[in-house]
Structures are given as structure tokens and as C-alpha cells.
Amino acid sequence: MSNPSKPNIVILGSGMAAWGAYDRVTEAGLTPTVYDAREVPGGHTASYRLDNGFVFDDGPHISFSAIDQVKNLFAESVDQEYVAFTAYVDNYYEGHWVEHPAVVNLKGLPEPLVNKVLDDFRAVHGQEPGPINNYLDWLVATYGRTYAEKFPAVYGKKYHTCEAVDMNTDWLGPRLYQPDLDEVVAGATSDTSADAHYIKEFRYPKKGGFQSYLDKFFERANPNLGHEATSIDPKAKTVTFGNGTVVEYDELISSVPLPLLVPMVEGAPADVIEASKKLSCSQCVLVNIGVDREDLSPAHWRYIYDLDLDAVRLSFPHMFSPEVVPPGHGAVQVEVYFSDKYRPFDGNTDAVVQTVIGNLKHMGVLREDENIVFSEGRWVPWANVIFDLDTNPALAKVHPFLDEAGITYCGRYGDWAYIWTDESYMSGHNAATKLLG
Ligand SMILES: Cc1cc2nc3c(=O)[nH]c(=O)nc-3n(C[C@H](O)[C@H](O)[C@H](O)COP(=O)(O)OP(=O)(O)OC[C@H]3O[C@@H](n4cnc5c(N)ncnc54)[C@H](O)[C@@H]3O)c2cc1C
């Protein structure tokens, strides 16, 4: 170590986890150096501020944090210039729009389906569940077979790209509401709407998209962009980048996705590299559309259950901030998911854009003669960790190897967890705390 009291700390990535790590390291009086592969900083929290007046985030991003430290940090980062919303969310199912979560808002769906959902829910409610070996088992035990198979299992296949039977349940957290029988019956027979989404309130910057929360961090950290780490020598403590730069480090903090990170570590054993390849993550084509009207949706975001529609989730950026569209315009961002393992992408982004426009017209979100003033498809190579049954055995090899190599990992794709912006920030912060002792 060049100077033990001033270790040279290198951070890979410039998104939320990197921000958390950077803050913790600078709190300790040290100055880390930040590198990112991309030409734009921020990872998933980048916003694309286009010349035509539209701003699209790298996937729909809102802040619904319950962590005071992050709430305050975000508010200060935009000089309190944010707007707070009460979330309104709904679902599309075979021609019907129902509020979210559908299980407690069944009224309006076809009666035979509702009755079957109720019968099956009654059959499992209050019963001791059988063995839960996968996500499908959990869904059936929680909701009964009809709701399980027609709603969350189908949505899960669209979102995670694999069957519920192929997934574990480690990622669930508060994501799926578990109602009691009275709530389900009330939602099926009356217009009473249970306020049961795990996101009730959220905040969004007044201007500039979600990235506005990070702009001051970028100014402070001044990340070295266009620096894609390609090789790490944990013995010599060097990182080599694709552009030929080689840097030394005393400590390395990485938010790089594990399947990329592990193979670049010199001397990584074949079985650990093999394990890292078994970690699956979804990829996304984001379809961003701008139109010359604002009244696109009553809901901030909408889940689409039908398997024959590729659109998975719709969100409406102009409802988060009117500053992210030209005056009098509206925008919709649509996620369509793929994965190398379960639903490989053929690379034809334009075809996805056209399919999505067709889906939106089919659902009545866009009009047949809609004046679409802007559309694009944007490829997101790392989206959501897929918690399939290979995940835990693979992580049990990968994380200890990195610990042994002295590489501190963090963030959504370092921890390999279904975590949000606030948790990714804390992951980076905690990783740096551990490293600093
Ligand atoms: C579609 C979608 C919607 C989401 N919506 C929300 C939301 O509404 N609210 C919320 O709180 N969270 C949301 N999230 C989660 C949130 O985006 C993540 O938790 C968080 O941004 C992850 O931050 P990170 O720093 O861990 O990863 P990233 O943001 O992915 O940062 C990793 C960085 O590492 C860089 N990198 C990769 N490889 C290399 C390399 N070889 N060398 C150097 N750099 C490299 C990348 O370029 C990237 O900048 C969403 C995620 C997705 C995918």
C-alpha cells in the first residue's frame, strides 16, 4: 500500500451503489476514483435528456424509499425540488382494467373467473400449506390455483421470463400482497378498493428526470467514463480497462454485474466462473413513446397480464413531472423483457417498438390514429435478477471467491439481489464501511 493512511480506493460503476460507496469513503476523508464502462454516468439511474424536449429514464424510476438517510439525501440533492405523489396503479387483464393488486380488486372481471378465484382462494385460505419448493407452490398456497396461474404466474413469466415453477421465493419481500379472505371477497363484490400496493407514495424530481438526484454526485465524483474494466489482477492489485488504461488500487469496490466481474478476475477457478455464468438476469427493451396529448392514463403505471401482449409494464413519465415532455405532450415508457437463458432477444429493437405500439392501440392506451411524435427502443442489458433455482448454489461459490480475492462487491448486480435505488445506495455505503473497518 502506497500510503496506509491514504489507501487508493477504486470504485467500478457510477450508479446508486457507487454513490453510496463514494459517500462513505469520502466521509472517511479519502478520495476514491470512480470508473464506468459507459459514456454516460449513473447506470440505471441515468436519464436521457433528448434534444426534442423528452426525458426518459433508464427504465421507469421513482423513489419510494422508507430509508430516512436516502430520502433526505435525495431531497437535498435536488434542493428540495421534488414532487410527492400518491401512487395510483392498475392492471390490464383480457380487455379489463382493474386496480392493483388485482386479487383485492376483482370486481369488473368476468363473473365465472371471479367465482373460480374465490372458490380456490377459500380452499387454501387458513390451511397449512404443503411443501413450498418454488414460486408456483407459494402462489398456489397463498392465492389458490386460479388466481395464481392466471395472474402472478403469468405476469412473472413476462417479467422474469421464466416459469414460476423455475423460481425460488427469496426475492418476494413485500412485493406480493397477501390479503385475507374478507378483503378478497370485498374486492370481488363491491367497488371498495383496498389500498394495498407496496408502493403507496413516491417522489420524483421536478426537473431533469430521476438522474437529477445524482447530478451533484457526478460533479463531486467526476467519474472516468468510457472505462470498461476488462481484467483484474487481485495479487498485483491492478485493474485493466478496455481502453488500455491500467490503474493500481489498494482497495477495490465493484458494482459490476457478477457474471461480468468473475471471469475478469485473473486466476478465477473454472468452477467459480461456471457458477457466475449460471446467474441469470433479465434484459429489457425499453420502448419510449411521445405523443401530442397528456391524457394517456389515469394510473401512474400499469401492469399487463395478457401473455399474447409483449408489453409488461407501462409508465407515464409526464405524470411524474410535466418537465420531462414538451408542453402539451405525454409519454409512455413500456418494458419488454428477455433473457439469454429463457427468452433470448433476436436483436430487432424496431420490431419490438412496432409490436408495443400495436399492443398500446389494442389496449386503448394509444388511439388508432395517434400522432406519435417520437418513438425509440432502448436496449437494457442488465435488468432484473432472475431468482431461478440455480441462483443460490451459484452465489454460494461466487461471493466467497470474491471475498477471498479481496474484491468488495455491492449493488443490485454485485449483491445479486432484487434491490431498489435506496437499497443499492445503502449496499455501496455498507460495503465501504466494511472495507474501511
Ligand atoms: C427497469 C427497471 C426499473 C426500476 N425501477 C426502479 C424504481 O422505480 N425505483 C427504484 O428505487 N429502483 C428501481 N430499479 C432498481 C434500480 O435501478 C437499482 O436498484 C439501482 O439503480 C442499481 O444500482 P447499481 O449501482 O447497483 O447498478 P447500476 O445502476 O447498474 O450500476 C452499475 C454500473 O456499473 C457499470 N459497469 C458495468 N460493467 C462495468 C465494467 N466492466 N467496468 C466499469 N463499469 C462497469 C455500469 O455501466 C453501471 O453504470 C429499477 C430497475 C430496473 C431494471
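Residues are numbered from 1 along each chain as its sequence is written. Because the model is predicted, local features need pLDDT of at least 70 and side-chain atom pairs count only at pLDDT 80 or more, while totals for chains, interfaces and linings use all residues.

The C-alpha trace spans about 70 × 55 × 40 Å along its principal axes.

Next, colour the buried residues, which make up 43% of the 437 residues; a residue is buried if 20 or more other C-beta atoms, placed from the backbone, lie within 10 Å of its own.

Now select Ala21 and Val336, which touch the most other members of the largest nonpolar core, a set of 114 residues. Such a core consists of buried Ala, Val, Leu, Ile, Met, Phe, Trp, Tyr and Cys residues joined through C-beta atoms within 7 Å. Helix H1 (residues 16-27) gives the most to this core, with seven residues.

Stay on Ala21, and, leaving aside neighbours within four places in sequence, look for its contacts (C-beta atoms, placed from the backbone, within 7 Å), among them Ile11, Ile253, Cys410 and Ala432.

Finally, select Ala432 in helix H15 (residues 421-436), which counts as buried because it has 27 C-beta neighbours inside 10 Å. Although Ala432 and Ala21 are 411 residues apart along the chain, their C-alpha atoms are separated by 5.3 Å.

Note on methods. Buried ≥ 20, exposed ≤ 12 C-beta atoms within 10 Å, placed from the backbone. Helix = DSSP H or I, 4+ residues; strand = E, 2+ residues; numbered from the N terminus. Contact = placed C-beta atoms within 7 Å.
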